[in-house]
Structures are given as C-alpha cells and as structure tokens.
Amino acid sequence: SGRVLSETWRLHLESLPPRWEEIQVAWRPPARLGLSLCVTQAETVVMFGGLASVGPVRMRTNDLFQLKLSDPSPTWEYVCGTTLQAAPARLGPPLADTVPPPRMEQ
C-alpha cells in the first residue's frame, strides 16, 4: 500500500519452522524508513536515524530509541535526538552533548 509502518516484530529462530511474533508495546516511535537497527547481547534493540514524518514533512533524523526485550512488558524509550521531544524519555543521566548528524540508510 506504500504506507510506512511502525510495528515491532520478533523472529523466533529456535522454533521449527521459525515463527514471527508481534511485540505489543504501549508506545512506539513514529513510522520511519532507512533506519539503523541492532540487538545487543543484553536483548536490547537499538534504533537510530531514518526518514520520519514530522507533521507534513519527511526529514532525516538522529533520533535514538531502545527497546529492552527482556522486560516483562517491553516498551520503546526515546533516548535522544532532535525530532521527537515529547516522547517517553529514558531514565538516567543525559548522553553527551555531541550526537551524530541526522542520517538514513546506514
């Protein structure tokens, strides 16, 4: 349909055959494309950048989000960036003042 989605899915490779499961979260980052995503050994999903819609404009972002898969009720947290000031914030000390510039397709 050409629509950019903001769903969160997990692939269970230990299952035969492997199966997909949608992770239900209370809040999720706005839909975007061209983002960078990785999973740490601590089962934390880290998402950076991408092209996101901010009102009627699509812009490259330097937003950073995390999702802890080990939590009983995983929820995306906004860590830092420039386009999403009203998102649920991460608890703890602030990150360094220097952040990478907005980008996509890393």
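Predicted model: local features only at pLDDT ≥ 70, side-chain atom pairs only at ≥ 80, totals over all residues.
**Ground rules.** Residues are numbered from 1 along each chain as its sequence is written, and side-chain values use heavy atoms, with hydrogens and water left out.

**Overall make-up.** I looked up the secondary structure and found 0 helices and 9 strands. Helices (H or I, at least four residues) and strands (E, at least two) are DSSP runs, numbered from the N terminus. Buried residues account for 30% of the 106 residues. Here buried means under 20% relative accessible area, exposed means over 50%, and partly exposed is in between (1.4 Å probe, protein chains only).

Next I followed the pairing, where two strands pair if DSSP finds at least two bridges between them. I found an open sheet of 4 strands in the order β4-β5-β8-β9, with antiparallel pairing. Its edge strands are β4 (36-39) and β9, each of which pairs on one side only. On average, neighbouring strands here are turned by 20 degrees against each other, direction ignored. For that angle, axes are lines fitted to C-alpha atoms, and angles run from 0 to 180 degrees between N-to-C directions.

**Inside the sheet.** I then checked single pairs. Strand β5 (residues 44-48) joins strand β8 (residues 64-68) over 5 antiparallel bridges, and Val45 stands opposite Leu67 in β8. On to β9 (residues 76-80): β8 pairs with this strand over 4 bridges, again antiparallel, and Phe65 has Tyr78 in β9 as its bridge partner.

**Gln66.** I stopped at Gln66, which lies in strand β8. Gln66 is buried because its relative accessible area is 15%. Its side chain makes a polar contact with the side chain of Glu77, at 2.7 Å. A polar contact is a pair of N or O atoms within 3.5 Å; within protein, one must be able to donate a hydrogen and the other to accept it, and residues adjacent in sequence count only if both atoms are side-chain atoms.

**Salt bridges.** One joins the side chains of Arg10 and Glu43 at 3.2 Å, N to O. This pair links distant parts of the chain, with Arg10 in strand β1 and Glu43 in the loop between β4 and β5, 33 residues apart. Arg10 is partly exposed at 26% relative accessibility, and Glu43 is partly exposed at 37%.

Arg32 and Asp63 also meet through their side chains in a salt bridge, at 3.4 Å, N to O. Arg32 sits in strand β3 (residues 32-33) and Asp63 in the loop between β7 (57-60) and β8, so the pair ties together parts 31 residues apart in sequence. Both Arg32 and Asp63 are buried.

**Surface patch.** Last, I looked at the outside. Trp9, Leu11, Leu13 and Trp20 form a nonpolar surface patch with about 480 Å² of accessible area together. Patches are made of residues with over 30% relative accessible area and no salt bridge; like charges are joined within 9 Å, nonpolar side chains (Val, Leu, Ile, Met, Phe, Trp, Tyr) within 5 Å. Areas come from the Shrake-Rupley method with a 1.4 Å probe, and for residues only the protein chains shown count as cover. Trp9 belongs to strand β1 (residues 9-12) and is partly exposed, at 42% relative accessible area.

Methods. Salt bridge = Lys/Arg side-chain N within 4 Å of Asp/Glu carboxyl O.
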